[in-house]
Protein chains: 2
Amino acid sequence: VASSDVVIVGAGIVGCAVAYELARRGATVTLVDDRAPGFGATQASAGMLVPYIEAPEGSPLLELTVRSLDLFDRFVGGVCAESGAAVEYRRTGSLEVETRDESLARLREAAACLARRGVSAELLDAAAARAGEPHLTAEVVGGLLVPAHGFVAAGALTAALAAAAARRGARTPEAGRARLIARSGSGLVVETGTERFVGGSVVVAAGSWTGRLAIDGVVPPPVRPVRGQLLRLAWSGALLRRIVWGERCYVVPWHDGTLLVGATVEEAGYDERTTIAGVRDLIDAACDLVPHAWTAALVDARAGLRPGTPDDLPIVGKSGVVPRLVYATGHYRNGVLLAPLTAQVVADLVLEDRTDPMIAVTNPARFGAL
Amino acid sequence: VASSDVVIVGAGIVGCAVAYELARRGATVTLVDDRAPGFGATQASAGMLVPYIEAPEGSPLLELTVRSLDLFDRFVGGVCAESGAAVEYRRTGSLEVETRDESLARLREAAACLARRGVSAELLDAAAARAGEPHLTAEVVGGLLVPAHGFVAAGALTAALAAAAARRGARTPEAGRARLIARSGSGLVVETGTERFVGGSVVVAAGSWTGRLAIDGVVPPPVRPVRGQLLRLAWSGALLRRIVWGERCYVVPWHDGTLLVGATVEEAGYDERTTIAGVRDLIDAACDLVPHAWTAALVDARAGLRPGTPDDLPIVGKSGVVPRLVYATGHYRNGVLLAPLTAQVVADLVLEDRTDPMIAVTNPARFGAL
């Protein structure tokens with residue numbers, strides 16, 4: 001039985017970010033997963049950092065994601081410096097476009113909200129939108145440019161977080177999937193079937209698989225898998241300049257000339273496969289948005305399971321039932337964006353018993369005795 | 001400089017079949033390729049063995065492919081016995097279907113041709129076609145069933161041929177791509193840039209890359225790449241019983257529950273990538289033919305370069321210019337099907353200087369001084 005200050009269940013971007021933050025602050029950490037870092041939902045993430053598109057005005061999600069985006073420069077810079085890894089991270093801005101006149105009012109309203117917040121944004125007419133992005137479909141009637149938005153290579157970032165955590169002493173044993181979490185003396189034990197890991201605290205960062213854990217007789221949190229598929233295209237010629245967000249897909253121009261197209265949103269249980277219907281929908285949506293995609297090569301199609309929750313907010317905070325058990329799961333579409341904030345908040349909670357205001361809205365207790 | 005009786009340039013299914021046949025008859029053989037056996041066009045082949053669909057009535061191609069199909073049982077049986085490999089090989093029959101009334105005359109004519117040849121075949125009305133294959137679209141107006149047709153796992157067969165050849169002493173050095181063939185004493189030398197291989201004879205089985213060889217000052221044969229893309233689907237529920245051949249695609253039911261969907265025919269130079277347009281066309285064609293494909297998972301998409309020739313016939317026979325140089329290339333859509341016959345004919349030519357009647361139509365000389 002290996003023992004550490006904290007055992008983290010799940011090596012996706014959230015688990016790895018928490019592991020790195022805890023290790024950086026001096027804790028001994030063990031990270032338990034049956035997959036390599038970032039090989040769950042993270043590998044199929046487009047790494048979008050677009051709070052003003054993802055989160056509705058007035059929602060707590062907007063406050064959380066904006067706050068986390070503010071941490072991103074230092075987060076990426078720090079982990080790159082410590083791990084020595086190169087991670088593509090670009091604040092290209094995003095261009096959200098509409099192709100129906102009746103939707104322009106929505107863009108105008110969004111622009112007004114951003115103005116009230118003091119966030120830089122620019123409402124573009126069709127000509128200006130296409131002048132900025134000549135590959136855009138001629139159907140575009142207008143767009144909203146938000147320069148603060150960007151994207152990050154989620155897989156590379158997660159690998160870098162794991163490497164940086166390892167440099168700080170975090171262990172990532174080949175231990176199989178965690179199945180059971182139980183009380184053990186003054187701490188907790190995580191069992192994989194073949195191995196046991198004792199921790200002073202346990203952080204559950206198991207994403208869509210959270211609900212499959214047996215947690216000391218407690219009903220697991222209501223996290224469900226929501227499949228997302230995306231395509232990677234080998235684009236030819238001049239790249240797009242920014243993330244372009246359309247009605248049926250978004251496209252992300254990578255520095256290597258590939259274009260990510262995301263993403264489906266499907267309730268398909270634990271089926272992590274790409275599908276004929278999903279790929280077909282993404283192809284059509286991408287080619288409608290940027291017709292030059294018809295000439296592209298298909299590099300690959302990927303699928304991952306986002307951890308959805310009933311209110312689309314993550315579940316971050318202490319268990320109300322099991323002492324020293326902390327949840328950091330249910331990040332749905334924004335696990336990458338919320339990783340820096342989650343890591344900070346969880347480390348504060350585990351190491352200093354300090355409760356960040358974030359937890360008022362992400363508290364597991366909102367779903368009962370968890 | 002390594003020396004052998006025969007140096008074979010190209011380790012696709014044709015090169016490997018020739019290597020095995022030569023080695024089986026006692027020759028020392030060296031197989032030169034920069035890819036593992038079957039990793040060129042072969043890996044993207046659906047392994048179709050359907051001469052009565054592929055070759056027009058009255059064409060020499062029909063005679064060649066029918067003759068080669070007759071060799072297939074022994075060919076596969078022999079190489080499996082010698083290599084110990086398991087190779088999926090099924091003579092399921094094929095069902096060629098039409099969805100337009102005006103095309104039924106074509107099926108009737110094909111059925112009459114087969115009857116004249118004494119080949120078993122059955123013309124089916126729409127109800128009978130769908131009774132045999134309940135997944136077929138309701139648009140089907142009729143079908144032609146040819147029980148002799150089938151398919152083989154081309155990649156596994158090629159690996160088995162390479163293994164069987166190796167057991168008979170054939171060498172497959174990691175030598176890079178052959179770039180130059182030149183006279184050397186009484187034999188020939190093949191150069192890769194880093195290594196040289198001397199052979200009493202050289203067989204060019206380089207498929208689409210034949211035209212990129214520098215052959216002793218000779219103009220290379222007119223072989224051009226013709227891209228084919230295919231999809232592999234994870235089908236759910238009851239499989240199709242046979243190969244189904246539609247107007248815009250064919251589908252092949254594999255024993256493991258996957259369904260191959262082939263194939264595009266594209267003049268795209270040496271671009272071996274899958275494309276957005278190709279994948280989209282195959283998805284639509286497959287779902288139109290067997291609508292249940294909409295529920296399938298996409299396992300992968302592959303692309304390969306068929307070696308096309310101006311008359312759609314292979315180029316098999318001696319060079320008229322360079323002594324002891326033999327071509328076995330340009331098999332276009334039927335490299336897998338023609339592999340047994342090609343291997344036999346080339347071995348006869350190289351080892352016994354015996355010219356099979358096949359060579360009357362496949363002779364390189366029909367394209368000039370090659």
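In this predicted model, 18 residues of chain A are in contact (heavy atoms within 4.5 Å) with 18 residues of chain B. The copies meet through the same surface, because 100% of the interface residues of chain A are also interface residues in chain B. Together the chains bury about 1600 Å² (accessible area lost on being put together, 1.4 Å probe, summed over both), with 69% of it on carbon and sulfur atoms. On the chain A side, I276(A), R280(A) and L298(A) lose the most area to chain B, together 43% of what that side buries.

Residues are numbered from 1 along each chain as its sequence is written, and chains are lettered from A in the order in which they are written. Local features need pLDDT of at least 70, side-chain atom pairs count only at pLDDT 80 or more, totals for chains, interfaces and linings use all residues, and side-chain values use heavy atoms, without hydrogens and water.

The rule finds 2 salt bridges across the interface (a side-chain nitrogen of Lys or Arg within 4 Å of a carboxyl oxygen of Asp or Glu). R280(A) forms a salt bridge with D284(B), the closest N and O atoms being 2.2 Å apart.

Chain A can be laid on chain B by a turn of 180 degrees and a shift of 0.1 Å along the axis, with an RMSD of 0.0 Å (least squares on C-alpha atoms of residues with pLDDT of at least 70 in both). The two copies are thus related as by a two-fold rotation axis. In chain A, the C-alpha of R280(A) is nearest the axis, 3.1 Å from it.

The predictor gives the complex an ipTM of 0.83 and a pTM of 0.89.

Definitions and conventions. Buried area = accessible area lost by both parts, 1.4 Å probe.
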